[in-house]
Every structure is written in C-alpha cells, then in structure tokens.
Amino acid sequence: MAEPETRRMNSPLLRIDQVAKAFGKTRAVDGISLDIRENEFFALLGPSGCGKTTLLRMLAGFEAPDSGRILLSGNDISPLPPEKRPLNLMFQSYALFPHMSVRQNLNYGLEMERLSKAEIRSRVDETLASTDLTTLADRKPDQLSGGQKQRVALARALVKRPKVLLLDEPLGALDKKLREKMQLELKRLQHEAGITFIIVTHDQEEALVMADRMAILKDGKLLQAGTPEEIYEEPSDRFVANFIGVMNFLDGQIDGDGAFVVDGSKHPLPMRHGPRGATLAVRPEHVSITQRKDALRVVISDIAYHGLDRALHCKTKSSQQSLQLRLAAEAGQKYSVGQEVKLAFNADKCRIY
C-alpha cells in the first residue's frame, strides 16, 4: 500500500500537458507542459506577448485550448466552464463591486454557492482576520487605499477556498513601496492558506521574491522551469540569462586549453566546453577588481550609487564591450570615471553560450 500512496503524494496537483492555443496565425501558447505542485507558489514569467496570460486564462476556463490537456488532481478539467472549476482568478483591476461593503464583496461568491448564513459568516470572518481587513469590513471600495483594495480582492478569492488561486499581475497597479510590502504579504497569505498560487508577472524581481518555482516563457514556448536560484544561477540560454537579473555578455574565443580569451586576457573555465567563437555570461556580483597582470583591462565609463553598493559600468579597452560589477558603497567610492582597472571572473559562476 505504501508505494501507491507515495506516488499519489508526489504527483502534481496541476498538470499542463502539451497545451497549445492560436489566435489566427499567432501561436500564443505552443505546446507547453508543466507540473505544478500542491501548496506551491508558482510564477509564469516573460515579456509581453509571451503567452503567460493566455495560459492563465486557459487554466481559469476563459479560453479553450486548441490541443492538450489541463489535469487537476488527475482529472481533465479542459472541457469544464469557469464556474465548474475549483480555481479562482484574481484580476489586476480587482473588479470589486463598488456599491457593496468589503464584507458584502466577500459574501457574494459564497451566497451564489447557496451556503448557509452561518457558514458564510464563519468563512468571511476568518478570511477578514487573516487578510487584516476586519476593521475595514463595513467600508466601500472607494473608501479604501490601493493596497487595501488589493487585499479585499485577494480575500474575496481566498474565501471560496479554491484548490488553485490564479493571479494576473495582481500588484501591477501599486506603487513601488506598497508593491514590495504586498509581495511579502502575498507569500505569507499563501503559506497560511495552504493554497496553490499561480501568478502571472513580467516583473522578474517580483517572481524571484515570491515564487517557490517559476517558468520562463517566450513566443508561446517554455524556455526553462525551476527554482529562482536554479534559473538565476543556471539559465538555460542567453535569453533567460538576459531576462532574469543583470548579466554581462562578453564575446571572445575558447582556446586550446579551454580558457576564454577576450581582448588578449585569458580566463580559465574548468570543466566547461564551448565553440571556438563564444559568448561568456557572468553576473556583476561575480566580477572583481584584481591586480593580476593577465586580467581583462577595462576603463570605468560610469558609476551608479545604489545605497548599499555602487555599480561600476566599464568598457573593454580594445573591443569596447560593456560590462558592470557591484562593489560595497565604501569600496566603490575610491574609483572614478575614466580610471583603468583590471577585472577577474569567478570561473565557477561563468557560463558559455
């Protein structure tokens, strides 16, 4: 009996199996397969037009896939209309009923399910408390701030206790400070509610902060799925490397010893192989200033102060390729624009494309 139980526990809550969707000649979603686990915070990330919102709408039932299946707990829900799916979609616009109080907004969906008044009261009170909205229960939406409206929209989705909550750019309308606060709040609520969250965002930092795992989409195709650390540290291709975080790209060659050569400087890359003509990718935090004679010579073209650190923007001396490194604010203060320095790379953190 143990083996089937283990298999059941390890199986995904939601399986997207070769799902495709076209609008005319445009393939918005092109044969995507993904497994999403129970109680997971999963992010769909990519540039505008990559297919992430179309995929979310197919999960919600607002679009029908042309091919493929969407399985929830092993059951194909592709043919089901939105109201028959145990998934709830929270829109970016919040879509609150302006003439209803906060409590009435939360009541509405449960009343449509014909639950008893006692059950509705119990669920709504519990959800108001968990989202810190109890003192605002009698206010109308026009009496709330942007962050409070966001929490009401989230509470209205959570009160129905869906197996999966779908969020389409839920923080897009908030200013930067409130957005950062709500990122942590969303993560806390997801953990406490024990519900699988799938969020669509174009904001890479937002996905890195909140997601347990994420998928990078481009032109309707899945490029890479994994934890934020896996995708940041080991991007599958140049697009992913450039899309997530800041990445330096240097064009050069691989010599006979397996070292990367750029502007006459050699950088050993142990256990890495690539074509003779290649591009080295390295994050700014893995670039350092060195006194080594054979290091890459660059000239500082700009210095940007970021509070805790300074970004030194540099250009190679002969090929004029750009790259940057980050130094602690005090350490970066001793450098100036126009100064020549020599750079070394952490070989274990470099990738070749």
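1. Start with Cys-50: its relative accessibility is 1%, so it counts as buried (under 20% relative accessible area; exposed is over 50% and partly exposed lies in between, with a 1.4 Å probe and protein chains only). Cys-350 is buried too, with a relative accessible area of 1%. Cys-350 is in no disulfide, and the nearest cysteine sulfur, on Cys-314, is 15 Å away.

2. Before going on, a word on what we're looking at. This is a predicted model, in which local features need pLDDT of at least 70 and side-chain atom pairs count only at pLDDT 80 or more, while totals for chains, interfaces and linings use all residues. Numbering runs from 1 along each chain as its sequence is written, and side-chain values use heavy atoms, leaving out hydrogens and water.

3. Now the open sheet. Five strands run in the order β13-β12-β11-β14-β20, with antiparallel pairing. At the edges sit β13 (265–268) and β20 (351–352), each pairing on one side only. Strands here are DSSP runs of E with at least two residues, helices are runs of H or I with at least four, and both are numbered from the N terminus. Two strands pair if DSSP finds at least two bridges between them. For β12 (residues 259–262) and β13 there are four bridges, in the antiparallel sense, and Phe-260 has His-267 in β13 as its bridge partner.

4. Strand β19 (residues 340–345) deserves a look as well: five of its six residues are buried. β15 (residues 287–290) pairs with β19 in the antiparallel sense over four bridges, with Thr-290 standing opposite Lys-342. β16 (residues 296–305) also pairs with β19, again antiparallel and over four bridges; there, Val-299 has Glu-340 as its bridge partner.

5. Glu-185 belongs to helix α6 (residues 176–193) and counts as buried because its relative accessibility is 19%. The side chain of Glu-185 makes a polar contact with that of Arg-188, at 2.6 Å (a polar contact is a pair of N or O atoms within 3.5 Å; within protein, one must be able to donate a hydrogen and the other to accept it, and residues adjacent in sequence count only if both atoms are side-chain atoms). Gln-321 sits in the loop between β17 (309–316) and β18 (322–328), and at 15% relative accessibility it is buried. Gln-321 and Phe-249 are 72 residues apart in sequence, yet 8.4 Å apart in space, C-alpha to C-alpha.

6. On to the largest pocket, which holds about 670 Å³ of space. It has 25 lining residues, and those closest to its centre are Leu-87, Asn-88, Leu-89, Gly-109 and Lys-160. β6 (87–90), α3 (102–112) and α5 (146–158) each give two or more residues to the lining. By class, the lining has 16 nonpolar, three polar and six charged residues.

7. Last, the inside. The whole structure has one cavity of 30 Å³ or more, and the largest cavity has a volume of about 50 Å³. Its lining consists of Tyr-232, Glu-233, Met-247, Ala-281, Arg-283, His-286, Lys-349 and Arg-351. That makes three nonpolar, one polar and four charged residues.

8. For the terms in the last two points: nonpolar covers Ala, Val, Leu, Ile, Met, Phe, Trp, Tyr, Cys and Pro, charged covers Asp, Glu, Lys and Arg, and the others, Gly among them, are polar. On a 1 Å grid over the protein atoms alone, a cavity is a set of points where a 1.4 Å probe fits but cannot get out, a pocket is an open set with protein on both sides within 12 Å along at least five of seven lines, and lining residues have an atom within 4 Å of a point. Grid points are joined across faces, edges and corners, and a volume is the space filled by probe spheres set on the points.

Technical notes
Disulfide = S-S within 2.5 Å.
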